[in-house]
Amino acid sequence: LLDAPLAIVDLETTGSDPASDRVTEIAVLAIDNFGVTGEWSTLVNPGTGIPGPIQALTGITGEMVAAAPRFAHLPGELYERLDGRVFVAHNARFDYGFLRREFERAALKYTANTLCTVRLARRQRMTRRRPRPCP
């Protein structure tokens, strides 16, 4: 799986519910043969307010996204960057769920194999053997 083309993705959003919240920032790193072959990021105008706690968490304000494109202007370019790549994210379920929902709103179907770095890290931690204390 890791020798396949990868898209390392990070999103910021207005909240935690893909059904009602929206994306405010997208970043994608394309990885081929273990090397970075492309970088892309953009702020996204969510078309709604960004709650104060989310602004404090992400540093993204309504003023920052006011002139940014709406997701409806991004799906073609973004789809090209993701198509045929394993979707990799820290908490992939969250980011993948949001992107799938945004693509649906744009009348596009997006599916991908996913790799969650949270799960990968947990699995790695669980498989490491802890040294035994000296008697």
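**Surface patch and salt bridges**

In the predicted model, Ile-8, Leu-29 and Val-36 make a nonpolar surface patch of about 210 Å². Patches consist of residues with over 30% relative accessible area and no salt bridge, like charges being joined within 9 Å and nonpolar side chains (Val, Leu, Ile, Met, Phe, Trp, Tyr) within 5 Å. Accessible areas were computed by the Shrake-Rupley method with a 1.4 Å probe, and for residues only the protein chains shown count as cover. Val-36 belongs to strand β3 (residues 35-43); helices (H or I, at least four residues) and strands (E, at least two) are DSSP runs numbered from the N terminus.

Residues are numbered from 1 along each chain as its sequence is written. Local features need pLDDT of at least 70, side-chain atom pairs count only at pLDDT 80 or more, totals for chains, interfaces and linings use all residues, and side-chain values use heavy atoms, with hydrogens and water left out.

With a salt bridge defined as a side-chain nitrogen of Lys or Arg within 4 Å of a carboxyl oxygen of Asp or Glu, the count is 4. Arg-85 pairs with Asp-32, the closest N and O atoms being 3.0 Å apart. Arg-85 is buried, at 17% relative accessible area, whereas Asp-32 is partly exposed, at 24% (buried, under 20%; exposed, over 50%; partly exposed, in between; 1.4 Å probe, protein chains only).

Within helix α4 (residues 92-105), Glu-102 and Arg-105 form a salt bridge at 3.5 Å. Arg-22, Glu-102 and Arg-105 are linked in a salt-bridge network.
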